[in-house]
Amino acid sequence: MKQRKAIDAQAAATMISLCAIWGTQQVAIKLAAADMAPLLQVGLRSGAAAIVVLLVILGRREHRALGGGTWRPGLIVGALFALEFILFAQGLVFTSASHMSIFLYTAPVFAALGLHLAIPQERLTAIQWLGIAVAFAGIVVTFSGRGSAGGNDRAWLGDLMGIAAGAAWGATTLAVRTTRLASIPASVTLWYQLAGAGLLATAAAVVSRETAVRPSATLFASLGYQTLVISVASYLAWFALLRRYLASRLGVLSLLTPVFGIGFGMIVLHDRLSLPFVLGALVILAGILLVNARDVLARRGRHPHVRSVPLFSRSRS
């Protein structure tokens with residue numbers, strides 16, 4: 001296996017740029033929510049991105065990885081990825097983009113718990129258990145003195161959906177790490193996820209009758225950006241980094257994503273943040289950092305889940 005390098009200036013700059021892109025995801029969906037329901041946006045953008053990624057797979061001649069029994073775990077990760085984004089999209093109806101940025105990125109905590117149970121080599125250390133406790137304490141803090149987010153008195157429901165979406169993302173990580181998907185090209189795993197989200201999220205939008213569309217420049221720009229920049233270009237760039245650099249270091253840098261998400265939510269959408277949420281968000285990030293600490297301190301180059309992407313992949317898509 002090719003030896004992966006420590007993070008250099010070029011990798012750090014690229015990773016920060018990717019985090020900034022991923023941090024705009026919730027904002028892009030919210031901006032177009034008046035013209036198309038978030039759930040339908042997720043379904044259409046994922047379906048379109050799946051087509052583009054399939055062309056990439058064919059161009060790289062990686063299509064053989066679609067056979068050989070990978071379709072079974074592929075269906076599982078596709079369903080989990082779809083569940084994540086259905087919860088994510090519906091949560092944005094109730095809560096702010098800033099809140100969703102934090103709660104979605106609790107995924108590493110749930111992934112660590114699942115891997116602890118499934119893989120002996122992934123047993124949690126004391127510092128990781130501490131990180132999980134800290135992260136959940138942060139969640140409790142964000143809900144203390146609960147007020148509304150974005151003027152919606154049901155914001156707590158959206159926040160819970162964000163946490164559930166993070167759990168679904170963590171389960172996707174577990175499915176990738178414990179099945180044949182761990183040994184196939186990342187682009188193929190990404191295709192399974194995008195195809196599943198495209199089909200199931202669109203179907204969910206149809207069933208729930210969230211199919212109204214009001215054509216606008218904002219809607220088309222948002223969908224184009226979500227599809228080509230977030231769901232395709234940024235994920236493929238992330239995979240390119242994973243081939244060259246230590247995944248544990250990249251995973252730590254990806255914690256900048258929710259920070260960017262909160263910042264863009266405040267600047268673009270004028271999100272208001274309560275003091276308990278800000279304090280809780282800082283505690284959650286500290287907990288996630290502790291969960292990732294073992295790999296960083298041990299200087300291992302093990303792959304994290306790339307949703308087909310890990311923290312974002314992250315998204316993320």
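Biologist: What makes D35 buried or exposed in this predicted model?

Modeller: Buried means under 20% relative accessible area. D35 has 7%, so D35 is buried.

Biologist: Why is the contact of D35 with R214 called a salt bridge?

Modeller: The closest N and O atoms are 2.8 Å apart. The rule asks for a side-chain nitrogen of Lys or Arg within 4 Å of a carboxyl oxygen of Asp or Glu, so the pair qualifies. The pair links distant parts of the chain, 179 residues apart. D35 lies in the loop between α2 (25–31) and α3 (38–60). R214 lies in the loop between α9 (186–207) and α10 (217–244).

Biologist: How many salt bridges does this rule give?

Modeller: The count is one.

Biologist: Turn to L75 in helix α4 (residues 71–94). What makes L75 buried or exposed?

Modeller: Exposed means over 50%. L75 reaches 56% relative accessibility, so L75 counts as exposed.

Biologist: How far is L75 from Y192, in sequence and in space?

Modeller: They are 117 residues apart in sequence. C-alpha to C-alpha, the distance is 6.9 Å.

Biologist: Why is V268 called partly exposed?

Modeller: V268 has a relative accessible area of 38%. Buried is under 20% and exposed is over 50%, so 38% falls in between and V268 is partly exposed. V268 sits in helix α12.

Biologist: Which residues form the nonpolar patch on the surface?

Modeller: L31, M266, I267 and V268. Together they have about 370 Å² of accessible area. Helix α12 (residues 256–268) gives the largest share, three residues.

Key. Residues are numbered from 1 along each chain as its sequence is written. This is a predicted model: local features need pLDDT of at least 70, side-chain atom pairs count only at pLDDT 80 or more; totals for chains, interfaces and linings use all residues. Side-chain values use heavy atoms; hydrogens and water are left out. Helices (H or I, at least four residues) and strands (E, at least two) are DSSP runs, numbered from the N terminus. Buried means under 20% relative accessible area, exposed over 50%, partly exposed in between (1.4 Å probe, protein chains only). Patches are made of residues with over 30% relative accessible area and no salt bridge: like charges are joined within 9 Å, nonpolar side chains (Val, Leu, Ile, Met, Phe, Trp, Tyr) within 5 Å. Accessible areas come from the Shrake-Rupley method with a 1.4 Å probe; for residues, only the protein chains shown count as cover.
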